[in-house]
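I opened my notebook to get to know a new structure. Here is what I looked up, one entry at a time.

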Amino acid sequence: MVPTEAATKRLARWRLILGTAAEEELNTLRQCVSPDNPLLSGDERVMDAALAAIYDETGGTVATGQSNSSHTTSRGAGSGASAPVLSRWLGDVRTFFPDDVVSIIQQDAMERKGWKQLLFEPEVLAHVKPDIAMVGTLMALKGKIPERTKETARQLIGAVVEDLKKRMESNLRRAVTGALNRRQHSPLPSLSGIDWKRTIQRNLKHYDVEHKRIIPEKFYYFDRAQRSNEWKVIIDIDQSGSMADSIIWASVVAAIFASLPSLDTRVVAFDTSVVDLTEQCNNDPVDMLFGIQLGGGTDIDKSVSYCQQFIEEPKKTLFILISDLYEGGNQSRLVRRMREMRESGVKTLCLLALSDDGKPFYDANIAKRFTRDGTPSFACTPNLLPALVEGALKNQNLSELVQRLGVKLDS
């Protein structure tokens, strides 16, 4: 026999899952188990109203945020719910559900109920939980965002970017520094690495008057990892709507690279046209994201051709193409161009996705051709990227490195 309290909680949970359609039947069961207690408590009624507003197709309420009352409204796409009501609804969702569930409910609200336009209200946007999905939505709608909401939208996007940057920055910096600081791999100092100005200044007290020369007691060397522009990194980003999450991660990675003096970073985005976002990335990754135009066609070959003009030292260049490879341009020329780039000495990577999500949709034929030609093509998680970057800067074979890291290449 299930204890009364446990049985009551179980019935309440099923009521929240099944909605009003199960009210009568579950109430009958409740009278058998605990006739003196309601099926849902006051807080559970607020939770139920918040869920019903999105998932109950027959009607329901949008909770006001008070446990003893609710606000009734019609539902469905274009329901006309006011911004303050939606703001209160968002507050209830955030109060009663964990963060990962909040993100799902918010996304469902926009997709199932057509509430995207309500994000244009500052008081609503201020209550939205910042996450990658919400940033993708704002990027897609950015041309329609009114002036009164733009600053709030920037703050929300900035919060997500800052969070992702904290997650990535230390590992990426460590990877780049570890790869380029050659002194930790060789016990012998390099004559070309001597900091002559500092060495002379620190050894003036050892000036030999008789021989009219300085006899250095200690030499000082530049930290090779801090020398300017040792490697050029080119990040070429597909602006397709399906690549929204990857674009957000890529902007963060590009901003971190741009902050490192040892790397000369160039950022390019493309659909059927090509836009150079290097300056925006150097200033602020949020500016870069606002420079992205989601959707449209795709001409990858055109973008790769544009990027090739910036390759001055192939063996000191890392080219990262972030794309699902659904090419609307010349496929054969694209494959040939990537092969020639790699054969010239450029380290080339193709990330079919850069995100924490599962397996992406992509053109398997082009991915296989890239991989066979020596350009590893695979979906990459943000946690895996630092090891790949370090391997590239150490001139390791990237195809072999990717396989050692346990990633299955598309070959």
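My entries below go from the whole chain to the sheet, the salt bridges and a pocket.

**Entry: the whole chain**

I began by noting that this is a predicted model. I looked up the secondary structure and found 17 helices and 10 strands in the chain. Next I checked burial: of the 411 residues, 49% are buried. I also looked at contacts between residues at least 6 apart in sequence, and 73% of these join residues at least 24 apart.

**Entry: the sheet**

In what order do the strands of the open sheet run? I read the order as β7-β6-β5-β8-β9-β10, which makes 6 strands with mixed pairing. At the edges I found β7 (274–276) and β10 (377–380), each of which pairs on one side only. From one strand to the next, the twist averages 25°.

I then turned to β10 and its partner β9 (residues 347–354). These two strands pair in the parallel sense, over 4 bridges. Within this part of the sheet, I noted that Leu-354 stands opposite Cys-380 of β10.

**Entry: helices on the sheet**

Which strands does helix α16 touch? For α16 (residues 385–393), I listed β5, β6, β8, β9 and β10. The direction of α16 makes about 170° with that of β9.

I looked up helix α10 (residues 244–258) as well. Helix α10 lies across β5 (231–238), β6 (263–270), β8 (317–322) and β9, and runs at about 165° to β5.

**Entry: salt bridges**

How many salt bridges are there? I got a count of 11, and I followed up a few of them.

Arg-154 sits in helix α8 (residues 147–180) and Asp-287 in helix α12 (residues 285–290), so I was looking at a link between distant parts of the chain, 133 residues apart.

The last one I followed was Asp-301 with Arg-337, where the closest N and O atoms are 2.9 Å apart. Asp-301 belongs to helix α13 (residues 300–308) and Arg-337 to helix α14 (residues 331–343), 36 residues apart. I found both Asp-301 and Arg-337 to be buried. Buried here stands for under 20% relative accessible area.

**Entry: the largest pocket**

What is the volume of the largest pocket? I noted about 410 Å³. Its lining has 21 residues, and those nearest the centre of the pocket are Asp-131, Ile-132, Ala-133, Asp-245 and Trp-249. I then asked which helices contribute to the lining: α7 (132–141), α8 and α10 each supply at least two residues.

Definitions and conventions
Residues numbered from 1 in each chain as written. Predicted model: local features only at pLDDT ≥ 70, side-chain atom pairs only at ≥ 80, totals over all residues. Heavy atoms only, no water. Pairing = 2+ DSSP bridges. Axes fitted to C-alpha atoms, helices over the stretch in contact; angles between N-to-C directions. Contact = heavy atoms within 4.5 Å. Salt bridge = Lys/Arg side-chain N within 4 Å of Asp/Glu carboxyl O. Buried < 20%, exposed > 50% of the residue type's maximum accessible area, 1.4 Å probe, protein only. 1 Å grid on protein atoms, 1.4 Å probe; cavity = no way out; pocket = protein on both sides within 12 Å on 5 of 7 lines; lining within 4 Å. Points joined across faces, edges and corners; volume = space filled by probe spheres on them.
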